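User: I'm new to this structure and would like a friendly tour. Could we look at it together, one question at a time?

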Amino acid sequence: MELVLATRNPDKIREIKKVLGDLGIEILTFEDFPQFPKIKEDGSTLRENALLKAKEATKFTGKLSLADDSGLEVEWLGGAPGIYSSRFAGENASYEDNNRKLLSLLKNVPEPKRKATFRCVIAICRPVGSRIKDKLVEGVCQGKSTTHPRGKGGFGYDPVFQPEGLDKTFAEIPLEEKNKISHRARALNKAREILQQIIKKKNKILIGLTGNICTGKSTVADYYEKWGVKVIKADEIGHKVLEREDVKAALSQAFGKEILNFQDRILRERIRKVAFSDHDKLKKLNALLHPLIKEEIWRILTGGNYKIVVIEAALIFEAGWDFFMDKIIVVYCSREKQLERIKKKTNLSFEEIPGILRAPLSQEEKIK
């Protein structure tokens with residue numbers, strides 16, 4: 001597999017290769033492509049700029065591309081320099097120019113008010129022609145701005161940024177240590193997981209089968225199984241995940257002991273009642289369960305010689321799994337039919353039904 005880095009910055013290239021170099025993929029840069037375009041970063045956010053660069057690189061090379069956009073956000077300066085970090089002192093400013101301007105603006109500002117955040121957004125774009133949306137991940141490192149530059153390593157604002165928990169700047173610590181805690185390293189580790197999963201699915205066609213509760217996706221999944229296609233059902237995996245002792249402990253701590261019965265088994269209807277009545281608790285539930293379910297899905301995928309796999313899951317879009325799918329099928333029905341089926345097939349109370357209908361993306365959004 002080949003991955004194009006959408007940057008001309010040799011320092012960024014070095015750091016990215018250090019983190020991703022052992023994945024067994026060929027990492028390509030602008031030097032591998034004559035007339036590689038110089039991409040104008042005119043987005044209004046780090047996310048827009050990262051996506052813009054990755055899309056342009058993919059469009060030019062026809063290959064999977066990765067781009068990052070990073071910025072230093074200083075609290076005293078209202079979040080500046082932010083997206084203008086690389087050109088804070090002017091279009092052709094050097095690292096030293098930017099650092100000088102930053103420190104001059106913070107002159108006489110006391111240490112407690114020099115809080116700063118290093119933020120990195122990474123975009124991964126699939127080759128042109130894919131209808132699946134691109135992937136964005138973010139890494140953050142909290143710290144403060146120093147009163148003067150310290151250290152000779154790193155690049156950019158590294159000599160004037162001291163991360164929380166250390167008494168040294170990024171420029172004073174080895175690259176190996178920086179790559180464990182920096183904003184870029186944290187974003188790259190998330191990107192690394194995505195790339196690992198792309199590698200795992202090589203030569204497999206993944207079809208995402210989704211739809212909201214009681215719209216008919218299980219019926220469609222049953223047809224695929226009858227036709228001999230491998231079907232992985234996220235809901236069944238979720239049942240098994242809920243039997244794990246570590247999951248029971250985490251959920252009972254988050255939602256209270258009342259979600260367990262007298263045999264210390266999780267009662268799904270009680271979790272559902274709590275989660276679908278409180279949006280924050282629902283987010284907490286999904287944040288805990290989605291990675292575990294995804295991990296088991298990938299274990300099944302890599303453990304079998306399947307060419308075509310259907311993954312049935314209600315929350316493919318919400319969990320961010322759509323990035324890995326080659327095709328997505330949305331199963332839907334009329335609202336009236338859906339309500340009729342919910343009342344018939346579940347033990348949801350009249351009060352619970354509106355909550356469970358509100359929770360996922362609407363049918364219309366999923367179809368779009």
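User: In S4, which residue is the bridge partner of aspartate 69?
Analyst: Strand S3 (residues 65–74) and S4 run antiparallel and are joined by 10 bridges. Strands here are DSSP runs of E with at least two residues, helices are runs of H or I with at least four, and both are numbered from the N terminus. Two strands pair if DSSP finds at least two bridges between them. In S4, aspartate 69 is partnered by valine 121.

User: What kind of model am I looking at?
Analyst: Residues are numbered from 1 along each chain as its sequence is written, and side-chain values use heavy atoms, leaving out hydrogens and water. Local features need pLDDT of at least 70, side-chain atom pairs count only at pLDDT 80 or more, and totals for chains, interfaces and linings use all residues, as this is a predicted model.

User: Which residue of S5 is the bridge partner of valine 121?
Analyst: S4 also runs antiparallel to strand S5 (residues 135–145), and 10 bridges join the two. Within S5, valine 121 is partnered by glutamate 138.

User: How many of the 11 residues of S4 are buried?
Analyst: Buried means under 20% relative accessible area, exposed over 50%, and partly exposed in between (1.4 Å probe, protein chains only). S4 is largely enclosed by the rest of the structure, because the number of its 11 residues that are buried is nine.

User: Where does the side chain of serine 252 reach at 2.9 Å?
Analyst: Serine 252 sits in helix H8 (residues 245–255) and is buried, with a relative accessible area of 9%. A polar atom of its side chain lies 3.1 Å from the backbone oxygen of alanine 249. At 2.9 Å, the side chain of serine 252 reaches the backbone oxygen of lysine 248.

User: Which residue caps the N-terminal end of H1?
Analyst: Helix H1 covers residues 10–20, and its buried residues include Ile13, Ile16 and Leu20. At its N-terminal end, a side-chain oxygen lies 2.8 Å from the backbone nitrogen of aspartate 11, and the capping residue is asparagine 9.

User: Which strands stand at the edges of the open sheet of four strands?
Analyst: This open sheet has the order S8-S9-S7-S10, with parallel pairing. Two of its strands have a single partner strand each, so one side of each is left without a neighbour in the sheet: they are S8 (230–233) and S10 (327–330).

User: In S9, which residue is the bridge partner of isoleucine 232?
Analyst: S8 and strand S9 (residues 308–312) run parallel, joined by four bridges. Helix H7 (residues 234–241) packs on the sheet and touches S8 and S9. In S9, the partner of isoleucine 232 is isoleucine 311.

How values were computed: Polar contact = N/O pair within 3.5 Å; in protein donor to acceptor, adjacent residues only side chain to side chain. Contact = heavy atoms within 4.5 Å. Axes fitted to C-alpha atoms, helices over the stretch in contact; angles between N-to-C directions.
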